[in-house]
There are 2 protein chains.
Amino acid sequence: MADQRETAALKVQHLVLEAGDDLGRRHDALLAIDAEDIEALLHAQFSGQSDSVAIGLGASPGAAVGQVCFSADDAVEAFDAGADVILVKDETSPADVHGMAIAEGILTTRGGLASHAAVVARGWGKPAVCGVEAISLGADQFTIGDHIVRVGDVISIDGASGEVFLGAVDRGDGAPEDDVPDELGILLGWADDVRAGTLAVRANADNADDALRARSFGAEGIGLCRTEHQFLGERLPLIRQFIVADSPDDEAKALDALAAVQRQDFLALFEAMDGLPVTVRLLDPPLHEFLPDTEGLAVSAATGDLASDDHVLLDAGRKWQETNPMLGTRGVRLGILRQGLYQMQVEAILWAAVERRRAGGQPIVEVMVPLIVDRSELDLVRKWIDDEITAANRLVADPLDVLVGTMVETPRAALLAGEIADASDFFSFGTNDLTQMTFGFSRDDVESKIVPEYLRLDLLVANPFESLDTSGVGALVRSAVENGRARRPDLKLGVCGEHGGDPASIDFFASVGLDYVSCSPFRVPVARLAAAQAVLRQS
Amino acid sequence: MADQRETAALKVQHLVLEAGDDLGRRHDALLAIDAEDIEALLHAQFSGQSDSVAIGLGASPGAAVGQVCFSADDAVEAFDAGADVILVKDETSPADVHGMAIAEGILTTRGGLASHAAVVARGWGKPAVCGVEAISLGADQFTIGDHIVRVGDVISIDGASGEVFLGAVDRGDGAPEDDVPDELGILLGWADDVRAGTLAVRANADNADDALRARSFGAEGIGLCRTEHQFLGERLPLIRQFIVADSPDDEAKALDALAAVQRQDFLALFEAMDGLPVTVRLLDPPLHEFLPDTEGLAVSAATGDLASDDHVLLDAGRKWQETNPMLGTRGVRLGILRQGLYQMQVEAILWAAVERRRAGGQPIVEVMVPLIVDRSELDLVRKWIDDEITAANRLVADPLDVLVGTMVETPRAALLAGEIADASDFFSFGTNDLTQMTFGFSRDDVESKIVPEYLRLDLLVANPFESLDTSGVGALVRSAVENGRARRPDLKLGVCGEHGGDPASIDFFASVGLDYVSCSPFRVPVARLAAAQAVLRQS
């Protein structure tokens, strides 16, 4: 709570004062501070005392108070009427982001630290508590034990501890941003000096606003731009048009509409990060993530409430429905099945790079192919990308600064990293997916149900989605680094999973020799410190 | 077609005659025959000519002709009325097995070679064609292109080629079993001599009937008894009672009822395989596989057609619904979450072993724990098993012959095989799941959609669910064998995925030094030959 914030502020001020100009003492100061101190300074905390009624996963730190809403649309309506809102859902999907964007905080009953709600909230620095299984959610109320909470009732959530409180709990005065001691900036400057030339820190950001914020936190590039986030909100109809297109003509029209918005997205992003590298990941999630829930539509169809447009969506939903979507038609597989999609994205990326260059900017672009299992997939897609690069380079005086690389996020890609490096300028380890597949742990399913029980029984030493499993997943990362670099010594290596912001994991990534970590913008200060600590500990 | 059968018979007769008593020529004969020849002799084939209207995955060889039925219940009704039936479904589940059991053949529109329909059909030697995406299935008819096929219409399917024909295509006279040349037995006897002391061949079988059939095909044990198959058909209400139990009392009652049937299952199985090892896998699939489809129930609920009992099932279905069930609450995770289940199964297994011993039999039991990711899980479960073994051994004069081991089917278990071997008497590689997780390929989703396209584009050299991916999945198997045996030289090693019946994969398993392969009973003759060929090639 707020005490922690005050304690952290005093600690940082004291350490900086003590260290003065002495390099050894500065290093000691860096080792004496920890991630929790920085989190406490950067996020709102509750100052009041209250008893929590439930506890879930602290998915994105910060303290939020607001009226409960159960749908994104209701949340927007309440927000427009002036209310602070906590959006409560079983789980969120891309269709909910407009409601998440205006919410003070997000609460879900299912899903873990790598669920949609958690990842999006962390990206925005918005408090979130996930996987509160004790909550039973109805249409316009939820129950926790004996308590009933209705639409419009006020609750408070602590995204660090995972606690849920009834009513409004006091927060300290003022936004935390206004209240960060200058000494934190000094300390992080020392951290940057220590890690210079070793582990760089980038951020995961999907648009210009997030990129600028990341830059203000000290990010040295974008390690992951998730292009699927550009198809949400008002863009959702465009991607749906593409999904349901049943002729080459309709598909081309839908792709043109998507290209128009993508070009502007990339242009703004490259401008915000001018002079710094931006890794753009081609579309990754399965298409049904952009479609409404089929069960809901099926129920509407059975009761005669389904609009005719929605029949098309129901058919599309069924067509793209999968038993295990995480292991299904997504990433490069989708790119290969519907080839126009990646070609459109690559064209838009290079259009934006050319435009930036013409405007006197310095775009540095890294195009990243997700989910490959074999070099052959990368060879195929790389050919399309290289063709676009060649075409774009005809439009500029000096060749564009573009790398083409791949995620290493399936165990097979890690096992065959040597071969894959022959076709790749860089690897970015997607340690979320790599953890899912190495353990056979669906993050949406096991993190709230299995992992807590395993931790309680000492079957796991830590939640592997929070802190990298160095003995299993780490073994794959280490061998991929060794085999990749053996084949291609200049191979650029980074990590863009959630682990990129976790101090223990950063220590491991430094030890195996990665070039950078990439994490949520709000996690960048923590990563800068942790990277310096890793250097100090390993030197 | 039938020509192939005749050609194969002549070939086998000729090779045996030619070889005579000469050992070198016998070995040449073994290398000259191949799996297709044996399949052709053991399964029915079409002799008539016809044009197929669609093609899917040849999921279980053989030729079937029958009237189309769209539900298991309708299939049973038509069968009782004297009809030959082809069961057509989008996909099958444990709830359909009574209909599958009486069907001549099975046709599915979704799912691949390792889908429920394919695995069950192969186990029974019943023709099946899976993943025929060109078929659009309605409630009482399906369409292929311009053709409409209604309930009761006759179709023919070729489970080897994956072809679907309208109407009845001619098959040769008589059942294939009656028509297998004696020379095949002679040849397989030579194969057994060659592979003696190297790679043993076991079968996957779940009940005494299948076990006896496997034994008649030459199986030297059961490498995989899937205990979930014992909870199907009329037993389904028992496992559902367990799933929905909401008090310790109700749960105990449900477990007692399950224990009663499990004891008899194991007793019969151990009797059928007396003197040979039987590997019993503790419950593996997620619980919702035993529950009806929630979407169907939700639609019934919305239209007011849901019985009150079904409300309980809908709630249970929702509770156990998972985003990616393949990576969710199954295997040892479920065993740990609901501890009574495994304890009940282990108690029943040992009860049956004691009974067999008392009856003068020689039960050889291997208890297998599925889906582990860490030694700690095995330590926990092994303690329960060891306690039951100790208790059982008090009831017999000489200690029972029981081993306790684990599946190696997650990449993490393979990576940490050395540690896990310390707690395990044997490993059985579950190469289906290991392939799914290493590639991030859900067999239900990618095998009909992605894999054919990848094969067409030369992105894959073979379907990795048919023939083991030696460079990726094989690398994990090889290192697990080396690390496991280094820690425990007497570690028993086998494989029980579908690859256990694939000649190319058997060659690989022999080369890394496995002790046995286990496959569908009907695949045992092929595996006996392939194992001998591997020995001959590698010597």
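The model is predicted, local features need pLDDT of at least 70, side-chain atom pairs count only at pLDDT 80 or more, and totals for chains, interfaces and linings use all residues. Residues are numbered from 1 along each chain as its sequence is written, chains are lettered from A and ligands numbered from 1 in the order in which they are written, and side-chain values use heavy atoms, with hydrogens and water left out.

**Exercise 1.** Describe the extent of the interface between chain A and chain B.

*Solution.* Step 1: 55 residues of chain A are in contact (heavy atoms within 4.5 Å) with 55 residues of chain B. Step 2: the buried area is about 4,600 Å², with 59% from carbon and sulfur atoms; this is the accessible area (1.4 Å probe) lost on putting the two parts together, summed over both.

**Exercise 2.** State how many salt bridges join chain A and chain B, and locate one.

*Solution.* Step 1: the count is four, each being a side-chain nitrogen of Lys or Arg within 4 Å of a carboxyl oxygen of Asp or Glu. Step 2: one of them links Arg318(A) to Glu295(B), with the closest N and O atoms 2.9 Å apart.

**Exercise 3.** Find the residue opposite Gln141(B).

*Solution.* Step 1: β8 (residues 141-144) of chain B pairs with β9(B) in the antiparallel sense over four bridges; strands are DSSP runs (E, at least two residues), numbered from the N terminus, and pairing requires at least two DSSP bridges. Step 2: Gln141(B) faces Arg150(B) in β9(B).
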